[in-house]
Structures are given as structure tokens and as C-alpha cells.
Amino acid sequence: MKSVAHFNGRKGRAVMLAIIVAGAFLAFPAPMQPVRAHAPSQAPAERPFGLPFVEPPGPSTWLMVQPYGNTVGAFRQRNTTYRAGQGLHFGIDFAARCGTPVVAIGDGVVSEVDAMFHGAGPHNLTIDHPNGYASFYGHLLERPALSPGQPVRRGQVVAKVGDPDGTCRSRPHLHLEIRDAPGHRRAYNPVQRIEADWDSLALIGGFSRGFQRDLADPRRWQFLDDQPEVSFGGPLLNDFANPWPPEWREP
Ligand SMILES: [Zn+2]
């Protein structure tokens, strides 16, 4: 048989080896997305959550204006607003008009309504999810019409976007966090846990100020998906000796 004869000798073994290797790749295909070198190891393989809005992004609906992590804005307020979160912006900010419907990012159970120790007023909401995460929705327009213990479904309208200043004219936005459940003591990067085209969202949202740099290690924490976890009450992570942009104080 001619085909069997081909597998005799060195050349034959090489052909057989190539067939075995190719078969292994077919049986265990490589992931579609190459693993990025700067992605932290603790990120889950799949993103279990959806975006907190019904409508697609855009100038008439919503835009991402500040990502999670070591942002310039958080660095400047690391000793005040963001001190409890180790100096990082421990959620994602989505600019939207007051009253824009906010939906649950996953199935879960309401755990807190207007828990004021979380800040992010005037109103906020926490949902615990069965996968060990919680989602937190801050700067809501009004107290959500939900009670602790109430189940909610992914995509269900649970709140309305508000404004931390209460005017609906200065800076209306949703501040969205992903924490551990049920403790709510750690914050995780939503970029790695919500299915979305984050690179495009960063572009169209105009996140122009970027991440704060530590000139001793200027490439650290410069990407949407390499930001560290936050342990509330822990030490500052970004109290850099030689920061860029340079130190800045409230006028
Ligand atoms: Zn925020």
C-alpha cells in the first residue's frame, strides 16, 4: 500500500509526527484572542457580565469617560476621594443624561439600597451575583425601587443615571464597580469581567488624560486591562515619588 510505505523511514516518521501535532491543534484549538503579555493572571477566562445600559454607546446615549484604575484623576485625589480605594478609581464612569435607564449586569439578588458608607451619592445600589461577584451602581438619580433580597435578572432596568452634584447639569454619570460578594471589600477591574469592546469605548469616550505614570516604572498600570485589584482600606498603591504628570493640587 503506497500510503503506508510513505510512513516508513525518517521522512515517514516526520510526516506522522506532523499529522499528530496538527491533530492535537484541531482537538485543542488555541484561543481566538492571543493572551496579552500585560494581562494579570487573576483575570477570569470568560467575562460573565454585560454592560449596564440598554442602548449602544454614542453621543446621544452614553460614553465611557473614566476607566478603572490608576487614572490621572484618581491620582490627584488619592488622599481624599479615592483614599479608601488605595488611590485608584475603583470603578468605571459612564457619562449619560440624568434618567438614562441602568440595567443589572448579571442575574443576582439585591443586597444594598442606598448604602451610604459606599459613597457615590445621591443614591446607589448593590447586587450580589451567584458567581462570587457583586455589582455596585453609584450616583443614581433616585432611590431604586428595589429591596434587599429581591432577585433581579441580567438586563433588567434597576436604576436611573444621576449626578453626584444633584444638578443633572454638571457631571451626570454612572459609577459602576465590581466587587467581591458578599463582603464587598475588594474591587476588581470591570474591563476584565464585562463583555464589551473596551478599546473602542476608550477611544470614543475620549479618555484623554490617561493613566498616571511612575517615572521609576513608567509602563506599569498603563493599559485598560492591567490595573491592580483594590483592597478597601489598604495602603496607597500610587503614591509615586516621581509621578508624571507632575504633582498637582486643588487650586
Ligand atoms: Zn467614578
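Q: How much accessible surface does the chain have, and what share of it belongs to carbon and sulfur atoms?
A: It comes to about 13600 Å², and carbon and sulfur atoms hold 58% of that. The areas come from the Shrake-Rupley method with a 1.4 Å probe, and for residues only the protein chains shown count as cover.

A quick note on the source. This is a predicted model, where local features need pLDDT of at least 70, side-chain atom pairs count only at pLDDT 80 or more, and totals for chains, interfaces and linings use all residues. Residues are numbered from 1 along each chain as its sequence is written, and side-chain values use heavy atoms, with hydrogens and water left out.

Q: What makes Cys 98 and Cys 168 a disulfide?
A: The rule asks for a pair of cysteine sulfur atoms within 2.5 Å. The sulfur atoms of Cys 98 and Cys 168 are 2.0 Å apart, so they form a disulfide.

Q: Why is the disulfide of Cys 98 and Cys 168 called left-handed?
A: Because the torsion about its S-S bond is about -90°.

Q: What is the relative accessibility of His 175, and what does it count as?
A: His 175 has 5%, so it counts as buried too.

How values were computed. Buried means under 20% relative accessible area, exposed over 50%, partly exposed in between (1.4 Å probe, protein chains only).
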